[in-house]
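Me: Can we go through some of the labels used for this model? I'd like to see the criterion behind each one.

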Amino acid sequence: MATSSVSKGCFVFKPNFKKRKISVPIGVNVTDHDLTFRSLTEVLQNNVTPYVVSLQAKDCPDMKHFLQKLASQLMDCNVDVQSKEKEGVQVTQKKIHYSMDSLSTWYMNVTQKTDPKIPRKKRTPSQWQSPPVVLILKDMESFTTKVLQDFIIISSQHLHEFPLILIFGIATSPIVVHRLLPHAVSSLLCIELFQSLSCKEHLTTVLDKLLLTTQFPFKLSEKVLQVLTNIFLYHDFSIQNFIKGLQLSLLEHFYSQPLSVLCCNLPEAKRRINFLSDNQCENIRRLPSFRRYVEKQASEKQVALLTNERFLKEETQSLLENLHVYHTNYFLVLRCLHQFTSSLPKYPLGRQIRELYCTCLEKNILDSEEYASALQLLRMLAKDELMAMLQKCFKVFKSSSEKHFGNTAKRIEEFLAQFQSLDAEAKEEEEDTSESQSKGLQKTDLYHLQKSLLEMKELRRTSKRQTKFEVLREQLVSFIDSLVREYLLLPETQPLHEVLYFSAAHTLRQHLNAAPRIALHTALNNPYYYLKNEALRSEEGCIPNVAPDICIAYKLHLECSRLINLVDWSEAFATVVTAAEKMDANSVTSEERNEIIHARFIRAVSELELLGFIKPTKQKTDHVARLTWGGC
């Protein structure tokens, strides 16, 4: 099998009688390609064959090393004699020369499962009784062309004794296979192309498994989810990095939110509520969502919630249970709405459920123009399209264990039955209308025929009577709208939503969005920020004389203009540095001390030039040009 990272396709070289089996997965320029190859290796070992080998071009410069590495991994032994000699081990045995004959012999001895009734030379690849050997070449373009051609030709001659599947990782285009392999070699192969999932579909799967479920109580606010998805879509397309960002959000939530102790499954959360301390109860009362909830209650209940700890804990248990039910209903209706809107023209609410979820988190979906446009498009769909959507939605509610959604599933089933019954009624109406029209239009001339047709057209235009299908379609759209209005409410409207939702998008953005220039300026201008050394703490605008040399040189260069005099800069540097070394003035001579300070200054200037803050200039002698302005 073989895939291309550009087209995300894969070549499968299936053998005919005298053709070898090769497959082409993902190139090295695809994000998470190492993780993909590891997952592929595990799947092959678990489901296809235990003999899976992975090679890279840097380890196989010629045919000798290619076969050596192949045999080394395939036989699970170290045949690298040179590495043993480097370790000081005396090698006395004869050096082994590996070839396809030796590999075929080894394979036959290991498997021993061939059918003796069929002669070996007449056995086709489809009659292999033993698991094949899978060879993964991660970077096909990097391999030497001659090595690939020789290996394919040689291994094709041992197809019956050594069944082989190759997986080529292609980083450019599948056409590169024909460019690297001449017709004489490629004619030995039978190519098959298959498509891999896009990164967006992988992201949707991750969100569906981790966030769009009640199995994991932790949730992300709209802004936090937007930060993570923007990094994924506009920077790296890395699912691994997205999951790390999700883990960082989880860590920040449990670190910064005192009530995150209740962010667990519902039975455990109820148990923990009984052991909340007085301070934790006060934290509950300080939550904005809980304060809004208290303001809506009667005066007696308000007093009890603010003064009675036991009553507060009981009410908190009830509110968390309501929050759990809210999420269960929310995700079911969200999936149902996605089934109706994911195939609409121009996708007003998005093609993937991730886009619909972000829209629902961002604002009240009932107030959005996209939702109104989606309902308008639903009112224009044909019966077959509506029935297909209803069947998908019925499966969503049928798979739910919620009892109150059983009536919803029955209502959807009724809609399906009513749409199906329209066919028989439509046929009867067509027959009746055709008979009446044929009777009314008999024995008439062209003038009266045209006149009667115009009258019928005007009658249809003036009469606003809807057909049975249009009435039923309007009822279906109203039913969907009622579900959305009842269940797709903003999370901010639910009391205690802060317990489960992480909303510190600014903190997450600081950790994930790279700003090297700002971080570098902070480190050089205020080294205490990172080193946390009390000796480096200083007032605003002051230069600590015990700071690192590069920090002193950097803060001095901020006070200069576009061109910096190296002599003045050096004297200022020496003045600051010697203020911290007066106690050691007697241990060395003045000349030695000046040479040491000058060497330190030259090193600090060189480091600043390497970091891009200054550069040499020919405008003035003994001057350098400053490259940054403002605060950094």
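Me: What makes Phe66 count as buried or exposed?

Reply: Its relative accessibility is 0%. Buried means under 20% relative accessible area, exposed over 50% and partly exposed in between, with a 1.4 Å probe and protein chains only, so Phe66 counts as buried. By the way, this is a predicted model, where local features need pLDDT of at least 70, side-chain atom pairs count only at pLDDT 80 or more, and totals for chains, interfaces and linings use all residues. Residues are numbered from 1 along each chain as its sequence is written, and side-chain values use heavy atoms, leaving out hydrogens and water.

Me: And what about Phe151, buried or exposed?

Reply: Phe151 has a relative accessible area of 2%, so buried again.

Me: Why are Phe66 and Phe151 called a tilted aromatic pair?

Reply: Their centres are 4.5 Å apart and the planes make 45 degrees. Rings of Phe, Tyr and Trp (its six-membered ring) pair if the centres lie within 6.5 Å; planes under 30 degrees apart are stacked, over 60 edge-to-face, and the rest tilted. So this pair is tilted.

Me: What makes Phe415 and Phe479 a tilted pair?

Reply: They sit 5.8 Å centre to centre with 50 degrees between the planes, hence tilted. Phe415 and Phe479 are both buried, too.

Me: How do you know that Arg517 lies over the face of Phe613?

Reply: Arg517 is 4.8 Å from the ring centre. The rule wants NZ of Lys or CZ of Arg within 6 Å of the ring centre and within 35 degrees of the ring normal, so Arg517 is listed as lying over Phe613. Lys532 likewise has its charged end over the ring of Tyr528, 5.7 Å from the centre.
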